Amino acid sequence: MNDGAPLFEGESVLCALRKHGVTFAYRVIGFAVLGAFPFLAWFLLHTSLSGADIPLVRNTVLFASIIWLCFLWVATFYFWTIYRLERWFVTDRRLVTIEHAGLFARTVKSFALEDIDHVETSSAGALHSMFGYGDIEIIWKDNSYYTLTDIPAPERVEAAIQESHLRMHNMEEAARKQQETLRLVAHEVKGHLARNAAVLSSIVSGDFGEISAPLKDIADRALTGTKAGVGEVMDILSTEGDAAAHVNLNKEPFDLRIEVRAIVEREKPIAQDKGLTLEFIEDPRPCIIMGDKQTMRERVIRNLVENAINYTQQGSVTVGVSTAETSVVCWVHDTGVGISPKDMPRLFTQGGHGEHSQEVNPNSTGFGLFAAKQVVQAHGGEIWAESDGVGTGAKFFVAIPAVNNA
Amino acid sequence: MWHNGDMHIVVSPLLLVTIGQYVAFAVMFCFAIGGIIFASQWFRHDDNSALSFGMLTIYTLGCVVLAAKLFTAASFLTI
């Protein structure tokens, strides 16, 4: 439950606040005192006009009194409205404030907790101490400040803000260290892969003498895989932020069938080792798209085909490419574990594992489909999945705008 | 002829709607508009519909009582 707060996905409310109820009670008491005036006037009128009956005076006072009470009645509800609708929310990331200057002027502000410099609380006055409310002043790093007035238990709120601020700071630090580690590891791995690629290249090109055809074939495949690995690591090294999401594209027109065929050929031995049939169905017509063929091949097609193989225990994986008037569609069908309706919405999200996906594929990082979606979207295309549920297999589709080569 | 207690008020048709009654109608109108505005704000932005409904009921009951009394007073002013 977000308690009415405008939240981002995954954000949670730590404190939902409004002014202390006693501040509204003060107004009600004030209005009650003002509302007593007409009765006082009525009493004085009766006392002073005892015996005399002057209907016009009496009814004019009655009329004015009721107008006065009407005004106070509406004003009470006006202030009740403002009291109820003015809110502050401390979430695990932000301070969200909802202010009402009148009935229709609603202002929602959002402040990042990471920008807080320090927080001060104050509770001055007998009533503040008695009812336990006070003010919280939040001072930001740029020396601007924001004050939350008449907040119940300000110390508790301050503690929540400080705790959230500290947690965000720690998370930033952890993310920075993780990024550094990732880059270091990627750098080291790239070195090993590059050396492997050099050795394999020498073997394939015959620098160590003639080798048998089967061995040459294996070495050739190993070289292709190693080069792809080097490319992946180079991609990670070339990015600053989220390595998986970042996409550098070198676009040119190319035939998607060729890239898909290359992946199918590369993955076929892996599928066969697992006892699966990997089939490729291609459109006889050219399937030309504009894009980065290496990125499309390695981050999208390879991902989908490897996933299909990893999540299929028996049966087959079918990969196809076809072209229509406006788009080229590549699909990967498998007879594997399928996708439950619960897992479907988080399939293409960052780190989005299926509920039991790691039982089937322990190497799953949860970033493959997310990265694939980034690449497809960068090509102006769409990626989606269909499945009738667990145990029924899955179908993945990628549609990219076609280039008319007629 | 309207009767109020032991006082008899003769109202001319031309004076039937007086300034007092105009004011009474205006106040009632404000009450009604106010109710709509309050309700729209509460039900749209507040997270407690039951409380909003309760407040609207209290507001309306108060308005009915005050409006009824106001009309009585306004009628007296037609003298």
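# A tour of the predicted model

Start by selecting A:Arg27 and A:Phe79. The charged end of A:Arg27 sits over the ring of A:Phe79, 4.1 Å from the ring's centre. Keep in mind throughout that this is a predicted model.

**Aromatic rings**

What kind of ring pair do A:Tyr78 and A:Phe79 make? Over all chains, 18 aromatic pairs are counted. In this one, the ring centres are 5.1 Å apart and the planes stand at 80°, so the pair is edge-to-face. Now colour by accessibility. A:Tyr78 has 27% relative accessibility and counts as partly exposed. A:Phe79, at 25%, is also partly exposed.

Move to chain B and select B:Phe25 and B:Phe71. Their ring centres are 5.1 Å apart with planes at 80°, so this pair is edge-to-face. B:Phe25 belongs to helix α1 (residues 19–45) of chain B, and B:Phe71 to helix α2 (residues 49–76) of chain B. The pair therefore ties together parts that are 46 residues apart in sequence. B:Phe71 is partly exposed, with a relative accessible area of 21%.

Next, show both chains. Select A:Trp73, A:Phe77, B:Phe31, B:Phe38, B:Trp42 and B:Tyr59. Ring pairs link these six residues into a cluster.

**An open sheet**

Go back to chain A and switch to cartoon view. Four strands form an open sheet in the order β1-β2-β3-β4, with antiparallel pairing. Which strands stand at the edges? They are β1 (13–17) and β4 (106–112) of chain A. Each has a single partner strand, so one side of each is left without a neighbour in the sheet. From one strand to the next, the twist averages 10°.

Zoom in on β2 (residues 87–91) and β3 (residues 94–100) of chain A. Four bridges join these antiparallel strands. Pick A:Trp88 and look across: A:Thr97 in β3(A) stands opposite. In general, strands of a sheet pair through backbone hydrogen bonds.

**The nonpolar cores**

Now select A:Leu256, A:Val260, A:Val300, A:Val319 and A:Phe396. These have the most contacts inside the largest nonpolar core, which has 37 residues. Elements that each supply at least two of its residues include α6 (256–273), β11 (316–323) and β14 (394–401) of chain A. Which element gives the largest share? That is α7(A), with seven residues. Nonpolar side chains tend to be buried together in soluble globular proteins.

Centre on A:Phe396 and show what surrounds it. Beyond its neighbours within four places in sequence, its contacts include A:Leu304, A:Trp331, A:Ile339, A:Phe348 and A:Trp384. Then find a second, separate core of 22 residues, which includes A:Ile66, A:Cys70, B:Ala24 and B:Val27.

Select α9(A). Its buried residues include A:Leu369, A:Phe370, A:Val375 and A:Val376. What covers the buried residues of this helix? The cover includes α7, β13 and β14 of chain A. Following α9(A) is A:Gly380, whose phi is positive, near 75°.

For the last stop, pick A:Gly291 in strand β10 (residues 288–291) of chain A. Is A:Gly291 buried or exposed? Its relative accessible area is 0%, so A:Gly291 is buried. Not counting residues up to four places away in sequence, A:Gly291 touches A:Asn250, A:Lys251, A:Glu252, A:Phe254 and A:His379. Finish with a distance: A:Gly291 and A:Leu256 are 35 residues apart in sequence and 9.5 Å apart in space, C-alpha to C-alpha.

Technical notes. Residues are numbered from 1 along each chain as its sequence is written. Chains are lettered from A and ligands numbered from 1 in the order in which they are written. This is a predicted model: local features need pLDDT of at least 70, side-chain atom pairs count only at pLDDT 80 or more; totals for chains, interfaces and linings use all residues. Side-chain values use heavy atoms; hydrogens and water are left out. Two strands pair if DSSP finds at least two bridges between them. Axes are lines fitted to C-alpha atoms, for helices over the stretch in contact, and angles run from 0 to 180 degrees between N-to-C directions. Rings of Phe, Tyr and Trp (its six-membered ring) pair if their centres lie within 6.5 Å; planes under 30 degrees apart count as stacked, over 60 as edge-to-face and the rest as tilted. Buried means under 20% relative accessible area, exposed over 50%, partly exposed in between (1.4 Å probe, protein chains only). A charge sits over a ring if NZ of Lys or CZ of Arg is within 6 Å of the ring centre and within 35 degrees of the ring normal. A nonpolar core is a set of buried Ala, Val, Leu, Ile, Met, Phe, Trp, Tyr and Cys residues joined through side-chain atoms within 4.5 Å. Contact means heavy atoms within 4.5 Å.
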